[in-house]
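Subject: Structure handover

Hello,

Here is the structure I promised to pass on. Please open it before you read my notes.

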Amino acid sequence: MPKLFIPGPTEVYPELLAAQTHPMIGHRGKGYATLHEGIEKKLQQVMFTKNRVFIGTCSATGMIEAALRNAVKNKVLVCANGFFAKKWATVAKQCGIPAVTLDYELGKAVKAADVEKRLQEDSTIDAVMLTHSETSTGVLSPLKEIAAVVKKFPNVVLLVDTVSSFAAAEIRVDEWGIDLILFGMQKALALPPGLAFASVSPEIMQRSANQPEGRKGHYFDFMIWEKDAVKFNTSITPAVSLLFALDKQLDNILREGMENRWQKHLKMQQMAQDWAAAHGLTYFSEEGYHSPGVSVINNDKGWNIGEINKKLEAEYNMVIANGYKDLKEKCFRIGHMGDHQPEDIAELLGDLDKIIASL
Ligand SMILES: *Cc1c(COP(=O)(O)O)cnc(C)c1O
């Protein structure tokens with residue numbers, strides 16, 4: 001199988017794949033509660049929060065739906081600066097939740113001042129949804145600054161999609177005062193897909209408790225989740241095999257240290273940036289807001305990205321990603337999230353050089 005330098009799913013270490021083959025345990029037994037409790041504590045450590053961390057058996061999109069259903073009372077402002085970000089406004093509407101958007105050109109970062117202005121203009125907004133790292137455009141929006149602005153509005157909660165930034169970029173949930181962050185396993189955590197996580201502030205739980213009948217549905221109701229979470233359990237059958245892999249990976253990450261992991265991703269991002277500059281290529285993402293998890297590079301030379309990727313796979317057993325949706329062939333994406341090391345990125349870039357020289 002080719003080594004994945006795509007922005008998710010990411011390459012998973014064999015020992016983590018193997019951890020999933022642990023014999024099955026019943027999720028109502030003591031062993032499960034111990035596993036769940038340990039995982040929640042470790043998640044709180046890596047998220048820098050004391051808040052409840054829910055473990056959901058769903059993809060990250062499921063957790064987005066959960067966040068919107070439980071946390072929005074009146075109307076959500078969706079910061080729409082990319083394909084993923086824009087989708088959350090659609091999801092809100094499909095759940096019957098009023099949503100308005102703060103629109104940006106593709107490739108631009110969300111700015112704290114724009115969020116502040118919009119919240120001042122419209123007092124009916126009571127939640128802001130931000131996509132921290134927009135995987136389609138490689139933009140990292142300034143979460144700390146945006147959180148500080150949202151804090152000025154006591155009736156507004158901040159919900160953050162950190163799917164491709166968590167464990168790649170600095171995020172400090174409690175210190176920065178973020179009500180809810182959510183992410184899956186298959187991006188910067190470098191695990192197989194299948195579980196999603198959310199940290200929820202007391203304010204979010206309060207809102208969930210007061211939602212009108214029907215707003216939350218059943219599967220994503222935080223109140224139902226909480227009844228079991230206090231016993232380190234879940235109301236439905238969790239994806240136990242994945243939890244074994246997650247537990248091991250959280251140990252690895254805590255051993256590495258979050259600060260070290262953030263630094264490592266910045267270093268790999270810089271390597272990709274230097275490589276692009278050496279080839280006279282520009283970044284699609286706005287200057288100063290490049291995501292440490294994925295580089296989205298403009299195809300300024302008009303290369304055939306599909307062909308380059310085919311050669312990369314055939315000759316070097318690696319793959320990168322073409323541009324997302326409408327951006328196909330206009331740019332290409334190098335995923336440097338997860339457990340890739342600077343040496344892996346150096347090897348990839350070296351092999352890309354050989355392919356480009358042979359074009
Ligand atoms: C991949 C991704 C998602 C979707 O995650 P799923 O696990 O496929 O639901 C959401 N947001 C961002 C920023 C992503 O990169």
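This is a predicted model: local features need pLDDT of at least 70, side-chain atom pairs count only at pLDDT 80 or more; totals for chains, interfaces and linings use all residues.

**The seven-stranded sheet**

Seven strands form an open sheet. Their order is β2-β10-β9-β8-β5-β3-β4, and the pairing is mixed. The edges are β2 (52–56) and β4 (99–103), each of which pairs on one side only. From one strand to the next, the twist averages 20°.

Start with β5, residues 127–131. Is this strand enclosed or open to the outside? Five of its five residues are buried, so the rest of the structure largely encloses β5. The cover is on both faces. Ala127, Met129 and Thr131 are buried on one side. Val128 and Leu130 are buried on the other.

Now look at the partners of β5. Strand β3 (residues 76–80) pairs with β5 in the parallel sense, over three bridges. Strand β8 (residues 157–161) also runs parallel to β5, and five bridges join the two. Val128 is a handy landmark here. Leu77 stands opposite Val128, and in β8 the bridge partner of Val128 is Leu158.

Move on from β8 to β9, residues 180–184. These two strands pair in the parallel sense over three bridges. Leu159 stands opposite Leu180 of β9.

Two helices belong in this picture. Helix α6 (residues 143–151) packs on the sheet and touches β5 and β8. The direction of α6 makes about 160° with that of β8. Helix α8 (residues 202–209) lies across β2, β5, β8, β9 and β10 (196–200). It runs at about 100° to β8.

**The ligand**

There are 13 residues around the ligand. Which of them come nearest? They are Ser59, Thr61, Thr135, Asp161 and Lys187.

- Ser59: a polar side-chain atom lies 2.5 Å from an oxygen atom of the ligand.
- Thr61: an N or O atom in the side chain is 2.5 Å from an oxygen atom of the ligand.
- Lys187: a polar side-chain atom lies 2.7 Å from an oxygen atom of the ligand.

How much of the ligand does the protein bury? Taken alone, the ligand exposes 390 Å², and the protein buries 87% of that.

**The three-stranded sheet**

There is also an open sheet of three strands, in the order β11-β14-β13. Its pairing is antiparallel. The edge strands are β11 (294–298) and β13 (321–322), each pairing on one side only. Two bridges join β13 to β14 (residues 331–335). Asn322 of the β13 strand stands opposite Phe332 in β14.

Helix α11 (residues 258–278) packs on this sheet. The helix touches β11 and β14, and its direction makes about 10° with that of β11.

Is Gln269 buried or exposed? Its relative accessibility is 6%, so Gln269 counts as buried, the cut-off being under 20%. What does Gln269 touch, leaving aside its neighbours within four places in sequence? Its contacts are Tyr283, His290, Ser291, Pro292, Ser295 and His336.

That is the handover.

Best wishes

How values were computed
Residues are numbered from 1 along each chain as its sequence is written. Side-chain values use heavy atoms; hydrogens and water are left out. Buried means under 20% relative accessible area, exposed over 50%, partly exposed in between (1.4 Å probe, protein chains only). Helices (H or I, at least four residues) and strands (E, at least two) are DSSP runs, numbered from the N terminus. Two strands pair if DSSP finds at least two bridges between them. Axes are lines fitted to C-alpha atoms, for helices over the stretch in contact, and angles run from 0 to 180 degrees between N-to-C directions. Contact means heavy atoms within 4.5 Å. A residue is near a molecule or strand if one of its heavy atoms lies within 4 Å of it. A polar contact is a pair of N or O atoms within 3.5 Å; within protein, one must be able to donate a hydrogen and the other to accept it, and residues adjacent in sequence count only if both atoms are side-chain atoms. Accessible areas come from the Shrake-Rupley method with a 1.4 Å probe; for residues, only the protein chains shown count as cover.
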